[in-house]
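Hi everyone, thanks for making time this morning.

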Amino acid sequence: MQALLGVIFHFIGGFASGSFYIPYKKVKGWSWESYWIVGGIFSWLIVPPLAAYLTIPDFTAIIAATDGGILGLTYFFGVLWGIGGLTYGLGVRYLGVSLGSSIILGLCSVFGALIPSFYYDLHPSPGKDSFTDLITNTWGQMVLLGILVCIIGIIICGKAGMMKEKDLNAAEKDTANNEFKIGLGLFVAIVSGVLSACFAFGIDAGKDMASTANEVWKANNPNQGEFLFQNNVTYVVILLGGLTTNFIWCMLLNFRNKTFGDYTNKSTPLLKNYIFSALAGTTWFLQFFFYGMGESKLGNGPSSWILHMAFIILIANLWGLILKEWKGVKSKTLTTVIVGILFIILSILIVGYGNSIKS
């Protein structure tokens, strides 16, 4: 039951992340950097402390009592992740929701799931899954198999994207996605995928804060299992790092492109633009709110991260189909992306089964 709840929480988080970019498509008359940072202020500055305040009494005291080195490392990984998140938005812009998310999150899932396990082989820590644990236990081998199947699904989705590029003529590109740029998009997606994995490292780096929140809650709520919202305090620090990167970059773009006027431009639907940007940002944060709940059931290891990423890829690809990002392609191309999605679904089932048999 714990494993099933973990999978359900990760699905809800994946749905939020795979859907967050949709409200941005309703923003009219603003440049990318303007709506991205407005949404980001909600994602990284407003909602995380609010969520922590509502779920963890005195969360600020936990942060204040944490070793400065831990806070610095957690923040640093947040800064690196912020670059990944920034380029995620560009990757989706140039490749579309489905293809961009598949490539970015595919790389992110592999790096985020496996690198910490290699680290814990060199620096063992109680409760942490090392790579040796994965390869020497049946449950771990199932998780690794799920990761492999997920990678295959991602490669198939990427192949579908290349086929899409060939299928669309110039006129259809204007209709389906007038910013579709396969070369630039792939470069940005690779950078984003590698750096986005730093969020998983940030969670590990700041685990002492989550553990403190967990211990306090368990002392006040004996025999009720692990605290579902323990990671909310860690998110506050990680996301401040992400805000730093994105705010600096978006302000530079506002200056270079002379788009500071977007925020007060009365010729655009200002209220709607702010509402949709805020909705996108809040939806984005919910992915990690529910990720923390899923992790409390499955543990902070490769299983949680790969499930989270796989669900996001799945939802993003389904949105791509709904939004007709594959309109005008040949049936073979459409079949290819559907096969890729099915592989990703299979990977979710395999990883879920691996967790269910973990002792």
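Predicted model: local features only at pLDDT ≥ 70, side-chain atom pairs only at ≥ 80, totals over all residues.

Let's begin with helix α2, residues 32-55, and helix α12, residues 232-257. Their axes lie 9 Å apart, and the packing angle is about 160°. Angles over 145 degrees count as roughly antiparallel, so that is how α2 runs relative to α12. What is the contact between α2 and α12 made of? Its residues divide into 17 nonpolar, eight polar and one charged. As for handedness, α2 and α12 cross in the left-handed sense.

Now stay with α2 and turn to helix α13, which covers residues 270-298. Here the axes come within 7 Å of each other, crossing at roughly 50°. α2 and α13 are therefore oblique to each other. The crossing of this pair, α2 with α13, is right-handed.

Back to α12, which also pairs with helix α11, residues 207-220. The axes of α11 and α12 come within 7 Å and cross at roughly 155°, which means α11 is roughly antiparallel to α12. The crossing of α11 and α12 is right-handed.

Last stop, the surface. Which residues form a nonpolar patch there? They are L334, I338, L342, I345, L346 and L349, and together they have about 500 Å² of accessible area. One of them, L342, sits in helix α15, residues 331-356.

That's my tour, and I'm happy to go back to any of these helices with you.

Key:
Residues numbered from 1 in each chain as written. Heavy atoms only, no water. Axes fitted to C-alpha atoms, helices over the stretch in contact; angles between N-to-C directions. Helix = DSSP H or I, 4+ residues; strand = E, 2+ residues; numbered from the N terminus. Parallel < 35°, antiparallel > 145°, perpendicular 65-115°, else oblique. Left-handed = near helix turned anticlockwise from the far one by under 90°. Nonpolar A, V, L, I, M, F, W, Y, C, P; charged D, E, K, R; others polar. Patch = residues over 30% accessible without salt bridge, like charges linked within 9 Å, V, L, I, M, F, W, Y side chains within 5 Å. Areas by Shrake-Rupley, 256 points an atom, 1.4 Å probe, with all protein chains shown as cover. Salt bridge = Lys/Arg side-chain N within 4 Å of Asp/Glu carboxyl O.
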